[in-house]
Amino acid sequence: MRTVKELSDVTGISVRTLHYYDEIGLLMPTRKSEAGYRLYDDKALETLQQILFFREFDIPLKEIKSVLENPALDRTQILQMQRKMLVAKKERMERLIAGIDDILKGENKMDFTIFNETELEEMFQAMIEHMPEEIRQIAINEFGSVEQWRQHYLEATSSEKMQRNYAKVVEWYGGKEEYLSVVKNPVSKEVAESYNKRIEAILQKLIAKRDCPVDSFVVKEIVGEYGFVMKQFSQIKDEKELMLANARFYRNEPYNSNLDQKYGEGAAEFFARAIEAFYS
């Protein structure tokens with residue numbers, strides 16, 4: 001058994017922080033001594049390591065607590081989840097380090113490439129194979145041919161701006177392979193329609209509470225449901241950045257005008273503020 005001071009020395013976490021973890025039920029001591037001192041066994045140390053892995057990604061403590069208490073997740077699943085997140089972050093750090101090394105060598109460039117041309121080709125092929133026929137035909141007519149459409153897609157997705165966007169998306173999914181798997185195996189049309197109906201019902205519930213403060217429990221409860229459905233639909237590991245991106249999207253034309261027209265004046269801004277309040 002380790003005292004709280006010994007656990008602090010081993011992990012570098014302050015005694016005050018360990019006391020706080022105990023207070024919120026995130027990491028409680030294995031037992032207490034007769035004198036009332038907190039004592040921790042090896043299992044508690046392992047739990048603390050898992051908490052620190054999650055904190056590396058700035059995941060809120062309440063979400064970490066929810067994951068650790070989830071009966072559907074065992075120790076191996078949690079470690080696999082954390083490993084994928086860390087590998088994705090490691091790959092991004094390695095790309096940035098390599099870019100800095102190039103600059104130090106006098107090669108004033110940074111490579112932000114996430115997906116190479118072969119992978120982009122695979123993504124394009126998966127996209128047109130799973131696209132509804134009527135939409136696919138509209139795109140072909142727009143570009144003149146499938147080949148011209150493909151060339152436009154490759155040029156657009158190879159740009160530095162798009163590759164930077166991919167870097168963040170890959171983190172949401174927990175790695176390149178996970179993201180490519182979702183792209184190549186999208187949900188069926190029926191499943192997508194079902195999710196769209198759920199999202200529409202949630203937005204209707206949310207707009208009905210537009211007179212409530214965005215930080216009120218009733219609004220946060222609905223936004224939490226919205227985030228959960230988006231996480232399932234998108235098959236991502238953490239929906240926070242996706243939802244915050246949605247909030248920014250709601251404020252842009254013409255989307256905000258469409259939302260205001262459908263749900264009433266000011267709806268887009270209300271949705272955006274509600275999402276930001278929940279994820280802040």
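A pocket here is an open set of points on a 1 Å grid over the protein atoms alone, where a 1.4 Å probe fits, with protein on both sides within 12 Å along at least five of seven lines; lining residues have an atom within 4 Å of a point.

The model is predicted: local features need pLDDT of at least 70, side-chain atom pairs count only at pLDDT 80 or more, and totals for chains, interfaces and linings use all residues. Residues are numbered from 1 along each chain as its sequence is written, and side-chain values use heavy atoms, without hydrogens and water.

I noted a volume of about 860 Å³ for the second largest pocket (the space filled by probe spheres set on grid points joined across faces, edges and corners). I sorted its lining by class and got 17 nonpolar, five polar and one charged. Nonpolar covers Ala, Val, Leu, Ile, Met, Phe, Trp, Tyr, Cys and Pro; charged covers Asp, Glu, Lys and Arg; the others, Gly among them, are polar. Helix α6 gives the largest share of this lining, four residues. Helices are DSSP runs (H or I, at least four residues), numbered from the N terminus.

I then turned to the largest pocket, which holds about 1200 Å³ of space. Of its 36 lining residues, E63, K231, K237, D238 and E239 are the closest to the centre. The lining divides into 14 nonpolar, seven polar and 15 charged residues. Here α5 gives the most, with eight residues.

Methods: Helices (H or I, at least four residues) and strands (E, at least two) are DSSP runs, numbered from the N terminus.
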